[in-house]
Amino acid sequence: ATHVPLQEKDCRSITPPYPTLIENLALVRKYLNGRPLTLAEKILYSHLFDPEKGPDGGKIVRGETYLQLRPARVAMQDASAQMALLQFMSAGLGKTAVPSSIHCDHLIQASVGADADLQRSIASNKEVFDFLESAAKKYGIEFWKPGSGIIHQIVLENYAAPGMLMLGTDSHTPNAGGLGLLAIGVGGADAVDAMTGTPWELKAPQVVGVHLTGQLNGWATPKDLILHLAGKLTVKGGTGRILEYFGPGVFSQSCTGLATVANMGAEVGATTSTFPYTPNMKTYLHATGRGPVAQAADKAAAQGFLSADEGAEYDEVIEINLSELEPTINGPFTPDLATPISKFGAFIKEQGWKDEISASLIGSCTNSSYEDMTRVAELAKQAKAAGLKSKVPFLCTPGSEQIRATMERDNVTEALESVGATVLANACGPCIGQWKREDKKDEENAILTSFNRNFKSRNDGNKLTMNFLASPTIVTAMAFSGKLSFNPLIDTITLPSGESLKFTPPSGKDLPPAGFTAGETSYYPSPIPEPHHETEVLISPTSQRLEELKPFLSHFGPASGNPRGLELPSLRVLMRVRGKCTTDHISAAGPWLKYKGHLSNISENLLITATNDEGGDVNVAFDHDHDASQSETDTIPNVAKRLKARSQPWALIVDENYGEGSAREHAALQPRFYGCAMIIARSFARIHETNLKKQGVLPLWFADKNDYSRIGAGDIVETNGLAQLIEGDANATVTIKVTKRDGSSFDIPVKHTMSSDQLKWLRAGSALNHIRGQVN
Ligand code: F3S
């Protein structure tokens, strides 16, 4: 084992440009008329693309105004990075506009232990890792190879800095908020905005203040704070909102503890979570080799940049007294079903569940700090001294190589292994379902984890596995009893000798007294890597998982064959979609996720769970132009493919809030890939509407929602007025001429939300085509 002390890092690309941010904020304050600002607002507004002008002529209303922002950094995990990079490549740029990193963590499957699992997973995912590494080299992206750790832990240890705004292509990106910044989880298309220097759009979130008083004590940890809050807010309570913690209770917690709290803000749907800069954050920056960042942050804090203004108003304030918090266990199947540990035994009994734990899992991006690990090691030592071993399989996932190596050097690993723990690779493993579990197949059972999510089937693919979330200390203590009803605060375990063991609450160590060790140094990419333009990006032409993204053809100009000038070509209506149609309906997940980097393959799932309003069937479309060899009805993707084969561009008619759900860019890429040029909706979900615009699909809104039912499969729809709009007449109105299959026709009015920039994307065929046109 190598135990190289962690070196001071090159901080040039990771220190926020505080003087500029503070100047930007001063510009914004001018048109906000001296309104005191929350910390979240300060960070957002100082990253406005054009702080001088501001949005809507300088009016910012939280919960209403759309902000155009300039994030400072992007982090991508190996699953979502694939399509993000394929899109970035098609923009034709030589390097990313902001520092970016790739982390190979989601594709490592846990089975027998770190080394063997890592080697097996590297072999089975070789083509994906080779692709990511070669693309990283070509474009100057920092590449963290398999085994280096979990994206969020690495970001916290290396890139996060107080007051910065960053994006990550993973929902737990907010973990970095433990260092007092805004880290937001997004889809690949948003990451591509930042990487190409395009303004990134976000509706100004509301800000919820969480006022922390008191101090955690005994068994209560930061995890219990967020488990408790999840119970209060529910899984929807944070939607469109940032959780901003303040008060003395923030200052009494470690930086990594705050990261755990921020991490699980995602479980209540919050945009992200943040905290004012604290002395513990400063110590953590120093401990992780980032002294220059701490010094710069100190100066920015002295100017008031890293905390809320006196008198800042929150949209809601939640009071929590940390002294009153008791350990909490959340679940099963939803992270907001919170039960204090004193009531958990009774809860299990009431439900009639077997009082048995089948496995205990600690670590992951949520809870693998040095503090967490030294706490559980203390419990392991107490158990070992009493002659106990874990009653159930006990798995530990370190968050990073730095944590793993420091645990090893400080005998934390030894303490865990001596009571039966298996230490897995530094990767997501069971947290994301990468767990080759051999027991309890299709059997009801209960696992206890220190992870963040517990939806059905998430960990082991068995929908009968009940996953309960708790702090690492509670998970560990309960592993020695093997019973769900065991409450380590009051209960004892009877030892073979007849004596009994009552655990003493562990305290742990915030940071390693001997400093962190870097571990295997070859895992660390060079900071500020130069792009190597000559590098070939490795995509096998026979790959089933990766496919180069060919730029979409513009709907206009000679190559398009469109005789209608700057109006869209005549479009055939594919179908009228009935009711709810989320991004999951448009591009299903599950087994399809393995094709995330292969647009042709994943497009086979287009709209397969959508309902056709003509007939009411799921995944049925009509092809009224079919030839003798084809049937009149077929699956939706098959009919879309037929239209593509006939070079017939098409349109969709959809219902309310089309595209709600996630930021999944595939839901816009796939229809476009098969030839969709326009979607007319009763209403759109904003993020998806923007994604459609980015891919060159024109989203239009029915001016009269009743017109929805007047258009059906096989009708021809044609825009009128779009040409004037594209040519710069912002007041031009667009109408749609509908020609029914019997030859009759009528016009309907429609509305649009296209800005002048977005009209340029449409004209070029996509936002990336537009960027490429500017580069060439
Ligand atoms: Fe996500 Fe768990 Fe990995 S929350 S980043 S899957 S460790």
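The largest nonpolar core comprises 233 residues, and those with the most contacts inside it are Leu-181, Leu-574, Ala-651 and Ile-679. A nonpolar core is here a set of buried Ala, Val, Leu, Ile, Met, Phe, Trp, Tyr and Cys residues joined through C-beta atoms within 7 Å. A residue counts as buried if 20 or more other C-beta atoms lie within 10 Å of its own, as exposed if 12 or fewer do, and as partly exposed in between, with C-beta atoms placed from the backbone. The model is predicted: local features need pLDDT of at least 70 and side-chain atom pairs count only at pLDDT 80 or more, while totals for chains, interfaces and linings use all residues. Residues are numbered from 1 along each chain as its sequence is written.

Neighbours within four places in sequence aside, Ile-679 is in contact (C-beta atoms, placed from the backbone, within 7 Å) with Ala-651, Leu-652, Val-654, Tyr-658, Leu-692, Val-697 and Pro-699.

The protein chain is assigned domain 1 (16–69 + 204–325), domain 2 (71–200), domain 3 (329–518) and domain 4 (558–775), the bounds coming from an automatic or database domain assignment. Domain 3 and domain 4 have C-alpha centres 48 Å apart. The shell around the ligand takes at least three residues from each of domain 2 and domain 3. There are 13 residues around the ligand, of which Ser-364, Cys-365, Cys-428, Cys-431 and Ile-432 come nearest; a residue is near if its C-beta atom, placed from the backbone, lies within 6 Å of the molecule. Seven residues of the shell are nonpolar, four polar and two charged, where Ala, Val, Leu, Ile, Met, Phe, Trp, Tyr, Cys and Pro count as nonpolar, Asp, Glu, Lys and Arg as charged, and the others, Gly among them, as polar.

Helices (H or I, at least four residues) and strands (E, at least two) are DSSP runs numbered from the N terminus. In helix H13 (residues 341–351), Ile-341, Phe-344 and Ile-348 are buried. Seen down the axis of H13, these residues fall within an arc of 30 degrees, so they line one face of the helix; the arc is that of the directions from the helix axis to the C-beta atoms. They pack against strand S12 (328–330), strand S13 (338–340) and helix H17 (472–481). Ala-346, Lys-349 and Glu-350 are exposed on the other side of H13. Gly-352, which follows H13, has a positive phi near 80 degrees.

Leu-285 lies in helix H11 (residues 279–287) and is buried, with 27 other C-beta atoms within 10 Å.

Methods:
Two residues are in contact if their C-beta atoms, placed from the backbone, lie within 7 Å.
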